[in-house]
Amino acid sequence: MRLITSGLKKRAVLLALGYQLHEFDTGVARYAREAGWVLDRSLMSAGVLDSQPIRLVRGNHWDGIVAFLAQGTPVLNDLVRSGSVPVVDLANNLPELKVARVLQHNQAAGRMGGEYLLSRGFNRLLFYSTVGRPNARERFEGFARTVRGAGKECEFLVWRHDQPRASYTEAGRWLADQIAGLPLPLAVMAEDDWAALHVLEACELAGLKVPEQVSILGIDDDALVAELAQIPLSSVDTGRERIAYEAAALLDRLMDGEPPPEEPLRIRPVRIITRKSTDAYAVDEPSVAAAMTFIRDHLHEPISVDDVAEDVGAAKRTLQGLFHSHLRRSISGE
């Protein structure tokens, strides 16, 4: 954390998020308070996708900029190209712009999701992307490496690019047909929570039960999507507030004269938030599934292997053998 020295001029920093996220705004604002910055949010209220910010940019001076740049933010992109002050970008949409970046660790998010779904006994897993952007492919790479490393099946499904004008309903029907043609039970990890919502709606169209037949895991833990979906969606918390906080801290160091890092700083995901969309275990043996449910429900209690066997109504040695046979690990390991 930067220490504020009395009598020094406060640094003025522009918050220029072409794609506004509450967590990014909050993370930068938290660091700004600690560092004593004057944080300019004027572009946020004006809307960076229209022509209005031009008049706000002209004639202003900042000591640094925290940005989220994209093809749809030409005013911000031109401002960054001017090179007048240090910039930290929270996205990698314009890699040709040579600026410092702090990003999500997409491969780690994919690995975390793969490990989570494997722990629930799934043998068939799918990664779904609506566009197939670089972020999604990085997430799939981490996911696929984990799943295939465990000897399980893994597919990458991307919405057909030969149908760019298809309606949302047509795309949903296409996805429903794809999922309905796959063996069940199935676990699906989506590129983000919006794509996970698309999967959820496709399952409804196909008449498939979530999570009993299809378990769905999103990424980013967007509360507006994950919490408010018809079936609440489990998701990988990628720590977006911390990413923005670390971006602001990096900008402070750049304003002090530190050279920018050669590679983007990658912030690892925090945890999996479990909700109803993955509240099932894909284990054919009822005793093992019941034991896993008991362990999950009593995770923070001092339970023993004997407690698990007693609840399930099975001999401890028999249940241990079933765990090794179906999950390749012990009851204690679970």
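Predicted model: local features only at pLDDT ≥ 70, side-chain atom pairs only at ≥ 80, totals over all residues.
Reader: Why is isoleucine 179 called buried?

Author: Buried means under 20% relative accessible area, exposed means over 50%, and partly exposed is in between (1.4 Å probe, protein chains only). Isoleucine 179 has a relative accessible area of 1%, so it counts as buried. This residue is found in helix α7 (residues 168-180). Leaving aside neighbours within four places in sequence, isoleucine 179 is in contact (heavy atoms within 4.5 Å) with Leu186, Val199, Ala202, Cys203, Leu208 and Val214.

Reader: And what makes lysine 9 exposed?

Author: Its relative accessible area is 69%, which is over 50%, so lysine 9 is exposed. Lysine 9 sits in the segment before β1.

Reader: How do you know that α10 is largely enclosed by the rest of the structure?

Author: Count the buried residues: 12 of the 16 in α10 are buried, so the rest of the structure largely encloses this helix. Among them are Arg240, Ile243, Asp252 and Met255. The cover over the buried residues of α10 includes β1, α1, β3, β4 (87-89), β5 and β11 (265-267). As for length, α10 reaches 23 Å from first C-alpha to last, close to the 22 Å expected. Just after α10, glycine 257 takes a positive phi of about 105°.

Reader: What makes a set of residues a nonpolar core, and which members of the largest one touch the most others?

Author: The term covers buried Ala, Val, Leu, Ile, Met, Phe, Trp, Tyr and Cys residues joined through side-chain atoms within 4.5 Å. The largest such core has 30 residues, with Phe24, Trp37, Val88 and Leu90 touching the most other members. At least two residues each come from β1 (12-17), α1 (22-35), β3 (64-68), β5 (100-104) and α10 (240-255). The largest share, 10 residues, belongs to α10. Another core, of 29 residues, lies apart from it, and Ala176, Leu186, Ala190 and Ala229 are among its members.

Reader: What counts as a pocket, and what volume does the largest one have?

Author: On a 1 Å grid over the protein atoms alone, a pocket is an open set of points with protein on both sides within 12 Å along at least five of seven lines. Points are joined across faces, edges and corners, and the volume is the space filled by probe spheres set on them. That gives about 790 Å³ for the largest pocket. Lining residues have an atom within 4 Å of a point, and 31 residues line this pocket, with Tyr19, Phe68, Asn93, Arg133 and Asn135 nearest its centre. Helix α6 (134-149) supplies the largest share of the lining, five residues.

Key. Residues numbered from 1 in each chain as written. Heavy atoms only, no water. Helix = DSSP H or I, 4+ residues; strand = E, 2+ residues; numbered from the N terminus. 1 Å grid on protein atoms, 1.4 Å probe; cavity = no way out; pocket = protein on both sides within 12 Å on 5 of 7 lines; lining within 4 Å. Expected span 1.5 Å × (residues − 1).
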